[in-house]
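Here are my notes on this one, in numbered points. Have the viewer open while you read.

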Amino acid sequence: MKKYISAIIAVILAASVVLLVFIDGKTRPVKFGMGVVASYGACNDASAEGNGNGEAIVNVAAVLVGENGKIIKCVLDCADSKAQFTADGKVVEAGEFKTKYEMLKDYNMVAYGGAKLEWYEQADAFANLVVGKNVDEVKALVAENGKGTDEVINAGCTIAIADFVNVIETAVKNATDSNATAKSTLELGVVTSQSGKDATEEADGEIELATTIVATALDADKR
């Protein structure tokens, strides 16, 4: 009996890169951290009517943290990647994987979800809202069902924020001394690739989604 692809494996390769910046004597170095929280999403069996698929969700945050654990800057993204396989155990070749932020308006929350703002706009709204807050204050922004409090909603973020909060908490915990300053610009690079092998009579098939993340803190000259 032919074996079938039964699971999607998400391998997360996280690299935090601090680029050195010049300090003018008036600007104090701050802590710089990155957080990665990965989970499985939906997994559906293949059938005669359609391909099966598995989903890997990787939430990412980068933060600059100042005195008393207050967040100075924050950026957010999410790699929500799906891999497909056929009913006879063949791996379906993947196209380009884009993060939710990279999709911009093509994420279509406004067109098809009735939202007022797209995902990237809501992520920016929440990232801006947490500036000046410590982790406990950020966690206090979560209301029922993972949604945000009125403060969050009024800021323009109406989607569930529990994943944002978790990954920001991780990033703050990971923050270490650096040469970044409050003037530094945070950037995230997130790349997902797929590899795998088809199922055979002797063995199950396998699909691997690998997501590599790099966070950078840049000075005014993008160094």
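1. Starting with contacts (heavy atoms within 4.5 Å): of those in the protein chain with a separation of 6 or more, 67% link residues 24 or more positions apart.

2. Before going on, a word on provenance. This is a predicted model, where local features need pLDDT of at least 70, side-chain atom pairs count only at pLDDT 80 or more, and totals for chains, interfaces and linings use all residues. Numbering starts from 1 along each chain as its sequence is written, and side-chain values use heavy atoms, with hydrogens and water left out.

3. The protein chain has 6 helices and 7 strands (DSSP runs numbered from the N terminus: helices are H or I, at least four residues; strands are E, at least two). From the N terminus on, the order reads β-β-β-β-α-α-α-α-α-α-β-β-β.

4. Now the sheet. It is open, with 4 strands in the order S4-S3-S2-S5 and antiparallel pairing (a pair needs at least two DSSP bridges). Strands S4 (71-85) and S5 (176-181) are the edges, each pairing on one side only. From one strand to the next, the twist averages 30° (axes are lines fitted to C-alpha atoms, for helices over the stretch in contact; angles run from 0 to 180 degrees between N-to-C directions).

5. What packs on the sheet? Helix H6 (residues 162-174) does, touching S2 (29-44), S3, S4 and S5, and its direction makes about 140° with that of S2.

6. Strand S3 (residues 52-65) pairs with S4 in the antiparallel sense over 14 bridges. Val63 stands opposite Cys74 in S4.

7. Last, burial: 39% of the 223 residues in the protein chain are buried (under 20% relative accessible area, 1.4 Å probe, protein chains only).

Key: Buried < 20%, exposed > 50% of the residue type's maximum accessible area, 1.4 Å probe, protein only.
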